[in-house]
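Please read the points below with the coordinates open beside them.

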Amino acid sequence: MALPGPGWRGCAARRWAALDPALRERLAAASLQDAVRLGCHLLRTEEEEEAALVHLCRQVCTGKDPAAARFYREQGNREFSRCQYWVAVRLYSKAASHEPSGSSEMSICFANRSAALFHLGHFEVCLEDVARAESHGYPDRLLPKILLRKAECLLCLGRLQDAADAFSVVESKIHTDALMTSPTHQTLLKKLSQLKVKIHEEQRCAEPAQEACGDMQGKSEIWEENDSISGASSSLSLNFDTERGRHLVASQDIVPGQRLLKEEAFVSVLCPGESLLLQDSETAWDTRVTNADLYCHRCLRQLLASVPCRECSYAKYCSQDCADMAWEQYHRIECSLGALLLTLGVFCHVALRTVLLAGFAEVNRLVKWSHSGDKDPHNLKARCKCLNEAPDMGAGTRGIPGCSDTGQYQSSYQAVFHLLPHTEQHSPEHKFLCMLSVVAICKRLQEAGLHAAVLNQESSEQWSKPKTSEKSSDELSPELKTVAEAMLRHVLQLQCNAQAITVMQELGPGDGAVVNKKPVRLATAFFPVLSLLNHSCCPNTSVSFSGTAATVRASQPIPRGQEIFHCYGPHQCRMRVAERQQLLSQYFFECRCRVCLSELESDVKSVVSMRNSFCCPSCRAPMQGEGDLLCCSDEACATSISRENLSRRLWDIQQQIKMGLDLLRDRKTDQAIKILRKCQMDAENFLSPEHLLIGEMEDHLAQVYATLGKWQEAARHLKKSIEIVEMHHGPSSEEIGHELFKLAQVLFNGFAVSEALSTIQRAEEILSMHCGPQSAQIQELQEMKTCLSELPRSILQRT
């Protein structure tokens, strides 16, 4: 949820409508500084909006709750007994996040989770959880169980001497235990004896470890960084003009797949999901898994065993190091504001974290500078002149906004600050909502006694426990007004400059031979260098993400002098020009890329419209017409039908497909096949043969047959899907790369060696160009290729 939730939006809308017209007019024309000053007077403790915000925040659970911890732990135990180990891991993690700091029950959560991780074969992470259980005071009477698990992990990892030492500790512990005659200890002794025999055999047969094959590390990339643009290739140059603003241009010929930019986000905030809001007071705690449970809240790495924040139940990390760094950098301030930040949305959270990471001194310097001179964003000449004249704030010899005084454009707060907020183009109602939201955050900072921490005036020891202000005031301190002004600027900037960090997420349980994935929005971030790329509906680059880092690669040849383009979402392959223009209106520009101009100047229907069109239910010829009544293009047929009727049929099929996929997830494959085949027959009666939904159904059927191990049938359906995807997205598109990856998995598992090798090669070429040679999919393709290439020659000749 980028913007505040509907409850707070409704409050702000009602307050805006109730304002005196003169005040509304004044707010609409106000500068950011004046808007904050007025907002402080409008949002007072006794006002209805403040009470409503408090009520909304109470609906969000971010505090520690021992009852919730107990509930999740019991649910985890239930799933563990059913051998649903992945589900158990997630539930034990939720339990740990709700245990108060110092609780002895925390060790039970870690120990139970270590058992589930052991069954899943994640031995290294299991060892980490065993260590966590010990450090949190795991009961002495139960200690032999986790110590034996530790020894087994070491044995499975081939660390034989460490395993032998661990077994000795377990044996000593059991024999010194006063209750060693109990059935539990007798079972442990028996298992210990068996494992000692096993470790002895392993030590006797152990061979020197061989080095891993160098090819599996992927090809190294030639990279020469730009002298003046941080993280960019030397093949790019930064240009500036009044029409296109700042933009990147190829300073030399660029080949497809060439890396153009790699940038760490200046700031990123995880998109939480929707399960944190409780339905009502009687509702049990939510067991659904969201991004907040699956990814580290700092580095965005996927979580196996999360480390919870010591103060709140929301923030979770991949390691104690990440947790400590997050606390030091920003979470010490954000922690007590968790419910408020979740209520007000990700954009407000990004804005707050941006100023915390920048530090108050830098924020104050830039805000004060923005108050001087001509800052009209439309008067670019005056803006550049002002920048050049400002001490230590100049745009360098080229006069480009955001550059340092030496002419360098860096991934810095200065570059973030100079992203355009388009203050004059946002609607007054939207600016009012954003202003109330950032003022509410800053007032909460002041009330919670975090004023000094925000201004970086306290030591880290003083940050651990927020102080309560002796006197609460509706009036913000001058420093927090500066913070609020910067935050308001950033919230407005995000509408045009927010970058969604996406990740390929597995669909279903992920335990099948063929892994089906889809891209999902993981986080919202500021990438000041990536923001230099202007939009095109037919871009010449691809953007991929690894954690908080974005990598931009050329997706086609780019000759010297051509601008580097990025797609902001609306792509020519996915929607018609009218839909693209509508979506792009949020960026306050009209797209004039060559594809849009070509479609706007031509009377011919776009390729997307023709391929995703309806066909005649009687003769299968294309239907035509601009209004609600569509007519068959074959005059001899003369069938007519309403667009609403066909659209309703399309919607019904989409709902049936969802039901089929739910059945597949529940492993009811026969019922899933029945529903999907019926959907396919119904769709073919009124959709174009090239319609994307036809391709999606072929893909789903391939998934079902792969689940059943019917590899040839799965491959047949996937090939049909690939034909349709290629028509829409092109033979070298990233979409085709992902489909070929799935086909390679099917052919590999079906032992179709020669076809698998050729598919792997094509998938590798396409995905390397878009995602780079180090991506997880490329590594998996290389592993499959190595495995197939090492088969006996006689088998390779037969296949």
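1. Basis of the model. This is a predicted model, in which local features need pLDDT of at least 70 and side-chain atom pairs count only at pLDDT 80 or more, while totals for chains, interfaces and linings use all residues. Residues are numbered from 1 along each chain as its sequence is written, and side-chain values use heavy atoms, with hydrogens and water left out.

2. Overall make-up. The protein has 33 helices and 15 strands, taken as DSSP runs numbered from the N terminus (helices are H or I with at least four residues, strands are E with at least two). Of its 799 residues, 51% are buried, where buried means under 20% relative accessible area, exposed means over 50% and partly exposed lies in between (1.4 Å probe, protein chains only). The accessible surface comes to about 37700 Å², and carbon and sulfur atoms account for 50% of that surface; the areas come from the Shrake-Rupley method with a 1.4 Å probe, and for residues only the protein chains shown count as cover. Among contacts between residues at least 6 apart in sequence, 65% join residues at least 24 apart, a contact being heavy atoms within 4.5 Å.

3. The nonpolar cores. A nonpolar core is here a set of buried Ala, Val, Leu, Ile, Met, Phe, Trp, Tyr and Cys residues joined through side-chain atoms within 4.5 Å. The largest such core has 125 residues, of which Tyr413 and Ile441 touch the most other members. Helix α19 (residues 428-447) supplies the largest share of this core, with 11 residues. A second, separate core holds 55 residues, including Phe614, Leu664, Val725 and Phe741. Beyond its neighbours within four places in sequence, Ile441 is in contact with Leu337, Leu340, Leu341, Leu344, Cys348, Leu352 and Met487.

4. Helix α19. How many of the 20 residues of α19 are buried? The helix is mostly covered, with 16 of the 20 buried. At 1.5 Å a residue, α19 should span 28 Å, and its end C-alpha atoms are 28 Å apart, which agrees; the expected span is 1.5 Å times one less than the number of residues. Gly449, which follows α19, has a positive phi, near 75°.

5. Helix α32. The buried residues of α32 are Gln777, Ile778, Gln779, Leu781, Gln782, Met784 and Leu788.

6. Glu479. This residue is found in helix α22 (residues 478-497) and is partly exposed, with a relative accessible area of 29%. Apart from neighbours within four places in sequence, Glu479 is in contact with Phe360, His451 and Leu455. The C-alpha atoms of Glu479 and Asn364 are separated by 8.0 Å, although the two are 115 residues apart along the chain.

7. The annotated span and its surroundings. UniProt, in an unreviewed entry, lists residues 296-335 as "domain: MYND-type"; such annotations may be inferred rather than shown by experiment, and their positions are given in the numbering used here, with feature names shortened. The end C-alpha atoms of residues 296-335 lie 15 Å apart, and the span is 38% helix and 10% strand. Arg298 sits in the loop between α12 (291-294) and β5 (307-308) and counts as partly exposed at 24% relative accessibility. Not counting residues up to four places away in sequence, Arg298 touches Ser268, Tyr317, Cys322, Met325, Ala326, Gln329, Tyr330 and Thr548. Ala549, in strand β11 (residues 549-554), is buried at 5% relative accessible area, and its C-alpha is 9.3 Å from that of Cys299, 250 residues apart in sequence.

8. Cysteines. Cys591 is buried at 2% relative accessible area, and Cys616 is buried at 0%. The structure holds 0 disulfides.

Key: A disulfide is a pair of cysteine sulfur atoms within 2.5 Å.
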